[in-house]
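Biologist: I'm new to reading protein structures. Could you walk me through this one, feature by feature?

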Amino acid sequence: SAAEKGGHEYFMLKEIEEQPEALANTLRGHFVNGRIVLDEQRMSDQDLRDVDKVFVIACGSSYHAGLVAKYAIEHWCRLPVEVELASEFRYRDPVLDRDTLVVAISQSGETADTLEAVRHAREQKARVLAICNTNGAQIPRESDAVLYTHAGPEIGVASTKAFLAQIVANYLVGLALAQARGTKYPDEVAREFAELEAMPEAVSRVLTTVERVRALGRELADSKAVLFLGRHVGFPVALEGALKLKELAYMHAEGFAAGELKHGPIALIEEGLPVVVVMPSPKDNPVVHTKLVSNISEIQARGARTIVIASENDDIVRPFADHLIEIPAVPTLLQPLVSTVPLQVLAAEIARSRGYDVDKPRNLAKSVTVE
Ligand code: G6P
């Protein structure tokens, strides 16, 4: 009923709007007496100190959350992080031992490939930490430790609030590792946590642009294809934006690392093709920002219709944007928490305009319990 959907036409929009709460609930209780605590963990500080390599394994949107996490964990902890699709991980011969930390991300906690990957990792004596949104699900039951995301039940088949909560949970793992390993001072950890705590408010501010993004979605509903470009953490955001559009609008969509443009994707650019570009912060990440601006000018010169997601203080990129979607200016590593939101809304609205069921896209299941 409309009441269950909080007055919305579909659950997905309700769940998009619940994201600030999902983040606040996932952070709650994890910073106590000046320290990050992963209180649901069965992993000691010594265990975290022993880690010499991290694997993140997941499927679908959860995999994209892992790709985002890699940037933060490597930067904060100086540990190599590999992110891998669960379905690939388990069928090769990954190098694991007892000092390997495997982070298995799953909203449902029941995804067959992720579960099998967890079993494989434990057989190789790696330690497995599950990040899961569903209490008592199979993946957390079979893991050494679990950190729950508290996004609440997610009904829409395409993940939204669970995805943002997974990023935050991964960041808590990264900060716990940095704290135990001493790669960050306690005051730096405290500062990072405070930045995370400011994110629910930042996401609320992005939500004020929902109606404008929906209007743009209606304009794009007849497009044949949409490309998504990003760099750094904007790259996995581009992948997630493209996945959302495929899942919901059945539209051909691809996410690319903007630096790869010249190695193929630029050949796809033609007059009027919508290209979504996820800009990094101009202040925080000026080098990458400049590179992306030059990528946009190249695609614009070839007639693409540029849809630019940029920080509200970004005056440089304005002239290159046929459509500008502004997001709050936040530190680069936290940007996916705000830049993903308009991409979710865009996909949902394009799907709705095309007459599709946003909550139950064809051929897809909320949790894939068979291989
Ligand atoms: C399905 C869902 C996606 C989800 C993926 C992984 O494909 O439609 O939204 O990201 O499964 O699910 P999990 O529950 O393991 O996070």
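Modeller: Helices (H or I, at least four residues) and strands (E, at least two) are DSSP runs, numbered from the N terminus. In this structure, Val-102 stands opposite Val-128 in strand 6. Strand 5 (residues 100–106) and strand 6 (residues 127–132) are parallel partners, joined over six bridges. Keep in mind that this is a predicted model, where local features need pLDDT of at least 70, side-chain atom pairs count only at pLDDT 80 or more, and totals for chains, interfaces and linings use all residues. Residues are numbered from 1 along each chain as its sequence is written.

Biologist: In what order do the strands of that open sheet of five lie?

Modeller: The general idea is that strands of a sheet pair through backbone hydrogen bonds, either parallel or antiparallel. Here the order is 4-3-5-6-7, with parallel pairing. Strand 4 (81–85) and strand 7 (145–148) sit at the edges with a single partner strand each, so one side of each has no neighbour in the sheet. From one strand to the next, the twist averages 20°. For angles, axes are lines fitted to C-alpha atoms (for helices over the stretch in contact), and the values run from 0 to 180 degrees between N-to-C directions.

Biologist: How many bridges does strand 3 make with strand 5?

Modeller: Five, and the two strands run parallel. Lys-53 stands opposite Thr-100 in strand 5. On strand 4, strand 3 has another parallel partner, again over five bridges, and there Val-56 faces Val-83.

Biologist: Is strand 3 largely enclosed or open?

Modeller: Count neighbours: a residue is buried if 20 or more other C-beta atoms lie within 10 Å of its own, exposed if 12 or fewer, and partly exposed in between, with C-beta atoms placed from the backbone. Five of the six residues of strand 3 are buried, so the rest of the structure largely encloses it.

Biologist: And how do I read two helices side by side? What is the crossing angle of helix 8 and helix 9?

Modeller: Angles under 35 degrees count as roughly parallel, over 145 as roughly antiparallel, 65 to 115 as roughly perpendicular and the rest as oblique. The axes of helix 8 and helix 9 (residues 186–197) cross at roughly 170° and come within 10 Å. The pair is therefore roughly antiparallel. Residues are in contact if their C-beta atoms, placed from the backbone, lie within 7 Å. Among those making this contact are Val-168 and Tyr-171 of helix 8 and Phe-193 of helix 9.

Biologist: Which kinds of residue make up that contact?

Modeller: Seven are nonpolar, one is polar and one is charged. Ala, Val, Leu, Ile, Met, Phe, Trp, Tyr, Cys and Pro count as nonpolar, Asp, Glu, Lys and Arg as charged, and the others, Gly among them, as polar.

Biologist: Which residues come nearest to the ligand?

Modeller: A residue is near a molecule or strand if its C-beta atom, placed from the backbone, lies within 6 Å of it. Gly-60, Ser-61, Ser-106, Ser-108 and Thr-111 come nearest, out of 16 residues around the ligand. Helix 4 (residues 60–77) gives the largest share of this shell, three residues. The shell holds five nonpolar, ten polar and one charged.

Conventions. Pairing = 2+ DSSP bridges. Contact = placed C-beta atoms within 7 Å.
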